[in-house]
Amino acid sequence: MTLQKHADHRADATEIASEEALRLDVSMSTRLLNSMKILEYSGHVSARLPGGETFLVQPQNKSRAEVSPDDLLVCDLDGKVVAGMPGVKPPSEVFLHCEIYRARSDVNAIAHFHHDVTNVFTLVEDVPLLAFKNHAIRWKSGIPVHPDPAHVDDPERGRGIVRTLGPHHAMQIRAHGQIVTAETVRGVFIDSVHLVENAEAAYRACSLGKPKPLTDEEIESFSHSFRRGHHIRKLWSYYTLGAIREGVFPEAWAA
Ligand SMILES: [Zn+2]
């Protein structure tokens, strides 16, 4: 099978939510976001498993460049590991995943990372991260900032994250990092890429002059013609094919 056929086949499987498929998507997304300098050494991606009360997440100390489907832990919504290698711990911030899945039935995938340029907008007064690029319409309702920079390493801090996130699809933790939520793993991967692209564009715009974010009319106009499912399939194919060529993960994962 050619690389393109591999990608098309996987793109058509977007709606499949078997544990096997989710393990592959989480592993690919983790390695992709790491290779793009978004996830870095301590970010994580998770996926809600069928049944809704457990999710996949990577081990705390596994390199994000080497995460594989069999490495992923299954955790419950209290943060307990219910399946995985003995003695292997989830990320210390597993509770942000637990509490968001508990509170938001529309969320099936979460990415958390610590991207510096994006986080700069939490370090200054009166310069919020707004929608500048067209695909930032995903965050037209806003990107709230959580005031407590602490690690989300217990359930109460996880519930605080939920209160700040509200109904939105992304948020920042002041002086710390970002949380992105979506309906699928592939969606959360594409959204994470766009969140960072938008922040970098906003940062450059602010360095040149008075920032000029998208107007409500421009957001509405782009939203009218935007097909999210098609967009996710197109970009997933683009990024996974490139990653296979660069050896980010094995070609067989996209078969
Ligand atoms: Zn963090």
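Lys37 is exposed, with a relative accessible area of 57%, where exposed denotes over 50%, buried under 20% and partly exposed the range in between (1.4 Å probe, protein chains only). The structure is a predicted model, in which local features need pLDDT of at least 70 and side-chain atom pairs count only at pLDDT 80 or more, while totals for chains, interfaces and linings use all residues. Residues are numbered from 1 along each chain as its sequence is written, and side-chain values use heavy atoms, with hydrogens and water left out.

Lys37 is located in the loop between helix H2 and strand E1 (44-48), helices (H or I, at least four residues) and strands (E, at least two) being DSSP runs numbered from the N terminus. Most residues other than glycine have a negative phi. The phi of Lys37, by contrast, is positive, near 65°. Glu40 also lies in the loop between H2 and E1, and has a positive phi, near 55°; with a relative accessibility of 35%, Glu40 counts as partly exposed. Ser63 is likewise partly exposed, at a relative accessible area of 33%, and belongs to the loop between strand E2 (54-57) and strand E3 (73-76). A distance of 8.5 Å separates the C-alpha atoms of Ser63 and Ser42, which are 21 residues apart along the chain.

The zinc ion is coordinated at 2.0 to 2.1 Å by Glu93 through OE and by His112, His114 and His176, each through NE2; donors are N, O and S atoms within 2.8 Å of the metal (3.2 Å for Na, K and Ca), and sites may look incomplete because water is not among the atoms. The angles among the 4 donor atoms are 93 to 127°, and the site is tetrahedral, a class that requires all angles between four donors to lie between 85 and 135 degrees. Along the chain, the donors follow the spacing E-x18-H-x1-H-x61-H. Glu93 is buried, at 3% relative accessibility, as is His176, with a relative accessible area of 11%.

Helix H6 (residues 185-208) and helix H8 (residues 228-245) have axes that come within 9 Å and cross at roughly 85°, the axes being lines fitted to C-alpha atoms over the stretch in contact, with angles running from 0 to 180 degrees between N-to-C directions. H6 is therefore roughly perpendicular to H8, a term applied to angles of 65 to 115 degrees. The contact (heavy atoms within 4.5 Å) involves, among others, Phe189, Ile190 and Val193 of H6 and Ile232, Leu235 and Trp236 of H8.

The axes of H2 (residues 19-35) and H8 come within 11 Å and cross at roughly 70°, so that H2 is also roughly perpendicular to H8. Asp25, Met28, Ser29 and Leu32 of H2 meet Trp236, Tyr239, Thr240 and Ala243 of H8 in this contact.

Ser192, which is placed in helix H6, is buried, with a relative accessible area of 0%. Apart from its neighbours within four places in sequence, Ser192 is in contact with Leu33, Ile38, Ala111, Phe113 and Val180.

Terms used:
Parallel < 35°, antiparallel > 145°, perpendicular 65-115°, else oblique. Tetrahedral: all angles 85-135°; square planar, octahedral: opposite > 155°, others 65-115°.
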